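Hi everyone, thanks for coming. Let's walk through a new structure together, and please have a look at it while I talk.

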Amino acid sequence: MKEHEDECEFRTQKCTKGCSKILRITEIEEHNCISALEDMMIEVKEECKEKTEEILYLKEQIKALQAEVSVQKYIHEDIKCDGCRMSSIKTDRFSCST
């Protein structure tokens, strides 16, 4: 087993040149830390953009829910106007015009 581990092309090692990326032994000679770090930076920027879009979507959802809650707060089910018999009064203050 030890022999195989020493010769295995899929064996990995952490880059010692500065980026700390985990590389296969066969990749070490051709590895360029700057290129690897640029690729990682692009991935992080894409993830950040996705998270920003998700945050904006969730903020819109929160606003919609808050608006719905504020409207529901002023719907008075089972309440009828004594004058016109309107039911489910939908305001915080109601004044019948009849």
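What percentage of the 98 residues of the protein chain count as buried? The figure is 10%. Please keep in mind that this is a predicted model.

Now the surface. The protein chain exposes about 8900 Å², and carbon and sulfur atoms supply 52% of that area.

On to the layout. You can find 2 helices and 4 strands in the protein chain. If you read along the sequence, the pattern goes α-β-β-α-β-β. As for contacts with a separation of 6 or more, residues 24 or more positions apart account for 0% of them in the protein chain.

Helix H2 covers residues 33-73, and both Lys51 and Glu54 lie in it. They are 3 residues apart, about one turn of the helix. Their side chains meet in a salt bridge, at 3.8 Å from N to O. The count for the protein comes to 1 salt bridge. How accessible are the two partners? Lys51 has a relative accessible area of 51%, so it is exposed. Glu54 has 40%, so it counts as partly exposed.

Finally, the cysteines. A disulfide is a covalent bond between the sulfur atoms of two cysteines. How many disulfides does the count come to here? It comes to 0. Cys8 counts as buried because its relative accessibility is 18%, under the 20% cut-off. Cys48, at 47% relative accessibility, counts as partly exposed.

Terms used: Residues are numbered from 1 along each chain as its sequence is written. This is a predicted model: local features need pLDDT of at least 70, side-chain atom pairs count only at pLDDT 80 or more; totals for chains, interfaces and linings use all residues. Side-chain values use heavy atoms; hydrogens and water are left out. A disulfide is a pair of cysteine sulfur atoms within 2.5 Å. Buried means under 20% relative accessible area, exposed over 50%, partly exposed in between (1.4 Å probe, protein chains only). A salt bridge is a side-chain nitrogen of Lys or Arg within 4 Å of a carboxyl oxygen of Asp or Glu. Contact means heavy atoms within 4.5 Å. Accessible areas come from the Shrake-Rupley method with a 1.4 Å probe; for residues, only the protein chains shown count as cover.
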